[in-house]
Amino acid sequence: MDQQTSPCCAARRTADQLEHQPISFASPTFKEGRSTKPELQENMVFIPGGSFIMGSDLKEGFPADGEGPPRLVHVDAFSISAYAVTNAQFQAFVADTGYVTEAERFNWSFVFHLFVSEAVKLQVKSVPQATPWWYVLNGAYWAKPEGPDSDINDRMDHPVIHVSWNDADAYCRWSGQRLPTEAEWEYSARGGLKLKTYPWGDLLKPDGKHRCNIWQGKFPIKNSAGDGYEGTAPVYTYEPNGYGLYNMSGNVWEWCADWFTPSYHVETSPMNPRFDRPTGRRSMRGGSYLCHRSYCNRYRVAARSSNTPDSSTGNCGFRVVQSH
């Protein structure tokens, strides 16, 4: 992998790593349909339909990602969650359905090396060659994000991680929601601003104030955590954008509904664009706490990335939308 196609923030499952086991719901009570659960409804924000300039031709972008050419796009009205799905919300889903995530079925997920205890490091037998800061860690999944000796007891308001695209889609089918399209995601992330780099404007730190959770220091060796966090932050951290949405830049990558293609802006319609032809990779947006300008400057609103739909990492989650 190189930074043009696979940023520091991504690590992918490959066919030769472990045989894929079929994913199924362990509970016969699983139902599709709009959720009536208050805890899943209270953070939805209505986004009126409208048109905006989607994409970017900035030099700091990555040509292989297909961030442009920028163009005028229209999206219909929808509602989007003010923040990413939390550990508490995902726990409710698992408790209600008995769902088992793909990380659990594979019995491993990708964990960033600085978060793994010395005892658990001794058990690590594999790392991706191009991104050795990712450990293939047995026993890592959403409820044990750094492996068997970790938990989420004090992180229930953090975004759920180690969820694949397939896991996120299953959650949506249970809750009666869906994943945002890339166009809906970017329209929301811009918060009503036009042609700005970030959800709040063009300066990364206006008035010297941190507005997102990304890497500070020398990647991947030292994170000074100048923004307050080395790993994930609570989902409501930092100021929201103009639409009242939190952490549209940094914290965790967020899965989108589209299949990924670098030619997205050339092939999709300007009316409610969505790329539905299978390519083997699903789109991700927003960047994560591991993004750094020196390597993966993908915490800009127009930036794009992707991963295989069965991949899971310690820095990827999702938020949900509802159609109107």
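A residue is termed buried when its relative accessible area is under 20%. In this predicted model, Cys256 has a relative accessible area of 0% and is therefore buried. Cys291 likewise counts as buried, because its relative accessibility is 0%.

The cysteines were also examined for disulfide bonds. A disulfide requires a pair of cysteine sulfur atoms within 2.5 Å. For Cys256, the closest cysteine sulfur belongs to Cys316 and lies 9.6 Å away, which is too far for a bond. By this rule, the count of disulfides in the model is 0.

Attention then turns to an open sheet, which is formed by 3 strands with antiparallel pairing. The order of the strands across this sheet is S1-S4-S13. Strand S1 (44–47) and strand S13 (321–323) are the edge strands, each of them pairing on one side only. From one strand to the next, the twist averages 25 degrees.

Strand S4 comprises residues 78–81 and runs antiparallel to S1, to which 4 bridges join it. At the level of individual residues, Ile47 has Phe78 in S4 as its bridge partner.

Helix H6, which spans residues 182–190, lies across S1, S4 and S13. The direction of helix H6 relative to S4 is given by an angle of about 70 degrees.

Methods. Residues numbered from 1 in each chain as written. Predicted model: local features only at pLDDT ≥ 70, side-chain atom pairs only at ≥ 80, totals over all residues. Heavy atoms only, no water. Pairing = 2+ DSSP bridges. Helix = DSSP H or I, 4+ residues; strand = E, 2+ residues; numbered from the N terminus. Axes fitted to C-alpha atoms, helices over the stretch in contact; angles between N-to-C directions. Contact = heavy atoms within 4.5 Å. Buried < 20%, exposed > 50% of the residue type's maximum accessible area, 1.4 Å probe, protein only.
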